[in-house]
Amino acid sequence: MTAGTDTAVVRRDGPGLGEAETNARLARSWATPPGLWGWLSTVDHKQVGRRYVVTAFTFFVLAGLLALAMRMQLAGPERTLLSPDRYNQIFTMHGTTMMFLFAVPMMEAFAIYLVPLMVGTRAIAFPRLNAFSYWVYLAGGIMLWVAFILNVGPDVGWFSYVPLAGPQYSPGKRVDFWAQMVTFTEVAALAVAVEIIVTVFKQRAPGMSLNRIPLFVWGQLVTSFMVVFAMPAVMVSSSMLIMDRLIGTHFFNPAEGGDALLWQHLFWFFGHPEVYIIFLPATGFVSSILPTFARRPIFGYTALVLALFATGFLGFGLWVHHMFATGLPHLGNSFYTAASMAIAIPSGIQIFCWIATLWDGRPRFATPLLFVIGFIVVFVLGGLSGIMLASVPLDSQVHDTYFVVAHFHYVLIGGAVFPLFGAFYYWFPKFTGRMLSERVGAWNFGLFFVGFNLAFFPMHILGLIGMPRRVYSYPAGVGWDELNLLATAGAVILAAGVATFVGNVWHSLKHGVSAGDNPWGAGTLEWATSSPPPSYNFTHIPVVTGQEPLWTLPQGLPAQGLPVVGGLRVDQRELLLTTVVDADPDLREPSPEPSIWPLLSALAVTALFIGSIFTPWAVVWGAIPLAVGLIGWFWPKSPPDTPEPVID
Amino acid sequence: MSSPCRSAVSLAALAVLTVAACDREEREPRGAPVGDSGPAAITQGTLYAGQPSPPGPSHREYEGNAYHISQGKQLYVWFNCGTCHANGGGDIGPPLMDDQWIYGGTLENIHATILQGRPNGMPSFRGKIPEQQVWEIAAYVRSLSGQTPKAASPGRSDSLNAKPDEQRMPREEPKGSSPGGPNLEGRQ
Amino acid sequence: MEKAPHFVTDLAHLPTSAHGPRSATWWGTLGFILIEGTGFALAAAAYFYLMGQPETWPPGQAPPDWLWGTAQLILMLASLLPNLWTDRVAHQEDLRKVRVGLVVMSAVGLLTLVVRAFEFGALNCRWDDNAYGSIVWVLLGLHATHLVTDIGDTLVLTALMFTRHVEPRRYTDVTDNCVYWNFVVLAWVPLWGLLYVVPRLV
Amino acid sequence: MSRALRIGSLGLALCLALPGCQGVQSALDPAGHQAGRIAGLWWLFLGVLAVVYLVVLAGLLIAASRPRRRGVLPNGPSFAREERIERRLTGGLTAWAVGTGAIILTLTGLSYAVDRDILGLTDKAELEIEVTAKQWWWQVKYNDPVPSRSFETANEIRLPVGVPVRIVLKSQDVIHSFWVPNLHGKTDLIPGRVNETTLVADREGRFRGQCAEFCGFQHANMALDVVAMPRDRFDAWRESQLSPAAAPADDLARQGQQVFLSAACVMCHTIHGTTAASRVGPDLTHVASRPSLAAGTLPYSKGNLAGWIADPQRIKPGNQMPITSLSPDQLQGVVAYLDSLK
């Protein structure tokens, strides 16, 4: 040993350093600066993830209030609570907010918070990019909502079909705000997708080979790849739209060689995978919650992973089933019928595996499990009505009717929001250190489940008896009155369910029962650290020996005694990189410090995007502050890192 | 998290940016109420032709409103204004996208011209085109020479590309308002 | 938690930087290449889609003059040589040669921008003529955006290499930048075919 | 087919229990060949998928309530996989996946067969009607090889029972979708494209169609009436539509005609036999013979007509018909005149 290796200068994780000392040093290295500055410059994936959760949930509530407004308008025939102009803005904002500002960001939020914990690393890959993505997302969301409040809200549907959304039929700036909001949220989503892919590929704890990756992480990984391949389509199409509107290009002008259906192809090439981008992470919630409460490992791990791949792959081959009514050749349409129905096979396999896990388990019906059971009941119904929609003749009748509205709410609320609420109850203790009330949770589930079915089941029938979507009013005497009233009543109950949840969170944040590290006795790594986790996630990087590391510990080791590796620096932010397939330790890389530059860059991007709504030159002059921001971001800090401490 | 504080700040900033939007984006299908003084003041006759009238209350309501200008563009096509004025470049009738205005280039002037008709071929549309639509057409005609705010002017149409869209038109300051009055003969 | 942890390995011997797929940044670069490659592919698909609309292609005009676009192609393919050389010397962490390579690549990059300006000038259409003009301008502009960002990156790296910030991780930044330039060049080959060859084939 | 019929009638019985399955705008109350085939397919799908759903629910119920072999320990240790059970479940999973595959293959085949059958009608069309969608009404043109025997109407389609009719679909502005649920599924009307569909009514009746693709401000009030009538009555109606508008019979109507031809009305509407010849709004030559006003917004009556002309923006905000400043006398005259245009 050299002279300098007394404990004072050992700056590595290892047996030589006591636990308390290790934690203290890690806390110092990974700390976020205090105060407002720290709040603006943090790159901690847990803080950013929490912000994403809170922001996305806020948008969920806002969009839900819009839905209530619509249900009030449609409670009876020929009501005049809302003008058609206002109604059109409201249903557009509802769909846009739910899809772009709630569903996808919420799923990303859970990925940002949980994936690094579940794979056993100290931070997400590219944490500054992560902070940047949040600011960009926030700016896009605020921009859209301020526009809406100022009566510049988009009014052409979340799908913005041209030519209605084009320059001739949508004067003013309403649609431009929509198109730029898409750009904002897609930039954010693409950034997060890259972070998740790299985190999962390179930062898994030693021993977490491909066959030990938690199913939630698999779900997020497949989702991230879908984002990478799907989101560019909507960025290309929304850019074309805004160029048609602002600088006179002719992509969608049939008189000059453009075509309105080009928009639909591009939009649905994104729009259909989008459904799976929302659904696959939710299957990850289910696959996390079920084993914990059934008290047995998930049945059919391999089948579930393959089902994720199959869904992700098939998801790109179905977009034309949104266009069956456009007069495309029927033979081609039949191919898309087959592909759309084929996706029932992986979905069916997933459902079977989940029910089988429950069947062979010893279930404990806590609130998360209630929501998972609600998910199966509701989502399967939505999946089956999806099979009806895949059929060309049936689709020709129910397309663009309330049947479709019912279908996709069963699929999206059933398939994503039910698991999401389960996930809130499941991980809330990890996020906050406190439990949500189980008693209120049961009420929350009951109101939500009953309200949901009451609100949306009647819509199936409404669609079949002729009620089209996106109407601000309907005539009396066609036979739609009672069912609409019923749906409105259901919507109110549903809203009460959400309010119950908000109340539960509000109360539990202060008065909830203290959770401890692993209140549910779960098996994955996020439960192997304190609740909430420290800034550096784990005192030592654990070694993984099974799919549920906390359940399959080597003989003789108690739950907290995971085998760990030493040798990482504790005086600086350092990550362990492992190999892609086997997760063998390979490299120690530094992780960036907090920085204000991601926020400044996001502000520059915001100025550029919003400016470009009003003049194309904003792209040119807006690039200058953006370049400054990016250079500041990537410029290495000085002085360079302190030299490596040496230990024999 | 002090998210309320943050939201408030961002909200205020954006509100300042887009505060002008409210009027521009309003879609009032009944038309903005224009005081009687508007058209009456101009219908004094061609004596005042060329004199820019003081901007009335209608200015902002129609000229600054994307929906009304766009409606005006549609009516311009529907009512066959292009038969004489082409796409604004002029044919039998005078061009509408330059800086020359025989009978004045303000919104009120154009409104009066449409209602009253003018010698040498411009018919009177009084009683044929409802008041509100006349204002809309007048506002659109102003946009042809870039007189309306760019953010409210129409983009390209879904039709053959005959000329750059109105929102990219260079602004032509009306010139036909010199004290000497318009040169009516010059047009004949 | 106060129980002694069960250490199974000491990883202090691991290196702190590596080139290629061993590093996280390389995978991040690959991710963005995938995203942008998808963007190019979809824009190209839109080109083919629009090609099916009018009777003739390009509609009512001659194909674009191929001089500047082909000059760009040759210049870019030639730039692969210094780029690959820079990549190699960065692997060797030879500071002097890396500096030379980066200066050359910065110059080449700026030259491609000049050529791109001539390309735009020599086009047979405006973006607001018709859908053909629109997609041609967008494809060319999309690629130009990639040129600008990569050249910006190269310039900043070049500056860094002449400051005190030189350390092993900078060399991996250089190799990642080389990977990205390869992508920008390789993306131009099919785009060049689309813009200059395809209109002559139909 | 008979199986489908059996299931169909079973479904129909179920349907009667539901409110309003019968209706003028219901896909489950078919009045034409295509809608009938689609409704049959629907009941078949519903039957098969309902069984699947019940199986899943039963599985879930059994799984959740299966008697526990050992006591439940809330946070107790989990138990490991057992080889025997894993094998059993894997067998079940395989059977389930194969079963799912077989079901969807069958459903795809049935769906394809019905699609073929529906398309088979395309070549048998005897009449051609050209429908042009506009914001927010339907222009309907009955084409005839003899140009003078073509005529135009709006927001109503009359069909002879049992005769397949080709509907040529165009749009003048944005995308709309043509949908008469009792007769057939929907087809979009897309600017720059021409689509086609075929309608055939198997029985007499009046049905309601509605635009099914969001098309702006008044998408909700863009409906049309479809009247299926016996061939001889249809032919008589057709002859009547070919004639120019009736001359006003009394002073009030005569005065109304004068107002119509000198006021804003004439800027947009056509009435054959007069100087009104603008094609912006609906052709009013036989407006009083139509079942409804303003694209299905109001049933036709003299009172509704007066209300509509007096303030169209109150009844259908944002539609293209402006508020005209007619005096009460003028309004009365115009209404009397238009009401005479049977």
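Here are some friendly notes on the predicted model of this complex, point by point.

1. Confidence. The predictor gives the complex an ipTM of 0.91, along with a pTM of 0.93. For chain D the mean pLDDT is 90, and 90% of the residues in that chain reach 70 or more.

2. Which chains touch. Five pairs of chains touch, and the pair with the most contacts is A and D. Chain C and chain D, on the other hand, share no contact; their closest C-alpha atoms lie 10 Å apart.

3. The A–D interface. Here 77 residues of chain D meet 77 residues of chain A. On the chain D side, the elements that give two or more residues are helix H2 (33–65), helix H3 (83–119), strand S7 (184–189) and S9. H3(D) supplies the largest share of that side, with 17 residues. By class, the chain D side holds 44 nonpolar, 22 polar and eleven charged residues.

4. The D–B interface. Chain D puts 13 residues in contact with eleven residues of chain B. The chain D side of this contact has eight nonpolar and five polar residues, and no charged ones.

5. Domains of chain D. Chain D is divided into domain 1, residues 123–242, and domain 2, residues 251–339. The C-alpha centres of these two domains of chain D lie 22 Å apart.

6. Helix H16 of chain A. This helix covers residues 481–511, 31 residues in all, and reaches 45 Å from its first C-alpha to its last, close to the 45 Å expected at 1.5 Å a residue. Its buried residues include Leu483(A), Ala487(A), Gly490(A), Ala491(A), Leu494(A), Phe501(A) and Ser508(A). What do the buried residues of H16(A) pack against? Their partners are helix H3 (45–73), helix H14 (402–432) and helix H15 (438–464), which belong to chain A.

7. Three strands form an open sheet with mixed pairing, in the order S1(A)-S2(A)-S1(C). S1(A), residues 541–542, and S1(C), residues 6–10, stand at the edges with a single partner strand each, so one side of each is left without a neighbour in the sheet. Strand S2(A), residues 563–566, pairs with S1(C) in the parallel sense over four bridges. In this region Gly566(A) stands opposite Asp10(C).

8. Strand S3(A), residues 574–578, is mostly covered, as five of its five residues are buried. Glu574(A), Leu576(A) and Thr578(A) point one way, while Leu575(A) and Leu577(A) point the other way. In a regular strand, side chains alternate between the two faces of the sheet. S3(A) runs antiparallel to S4(A), residues 585–590, and five bridges join the two. Across this pairing, Leu576(A) stands opposite Arg588(A). The hairpin has six residues between the strands, and Ala583(A) takes a positive phi near 55° there.

Key. Residues numbered from 1 in each chain as written. Chains lettered and ligands numbered in written order. Predicted model: local features only at pLDDT ≥ 70, side-chain atom pairs only at ≥ 80, totals over all residues. Contact = placed C-beta atoms within 7 Å. Nonpolar A, V, L, I, M, F, W, Y, C, P; charged D, E, K, R; others polar. pLDDT = per-residue confidence, 0-100. Expected span 1.5 Å × (residues − 1). Buried ≥ 20, exposed ≤ 12 C-beta atoms within 10 Å, placed from the backbone. Pairing = 2+ DSSP bridges. Domains from an automatic or database assignment.
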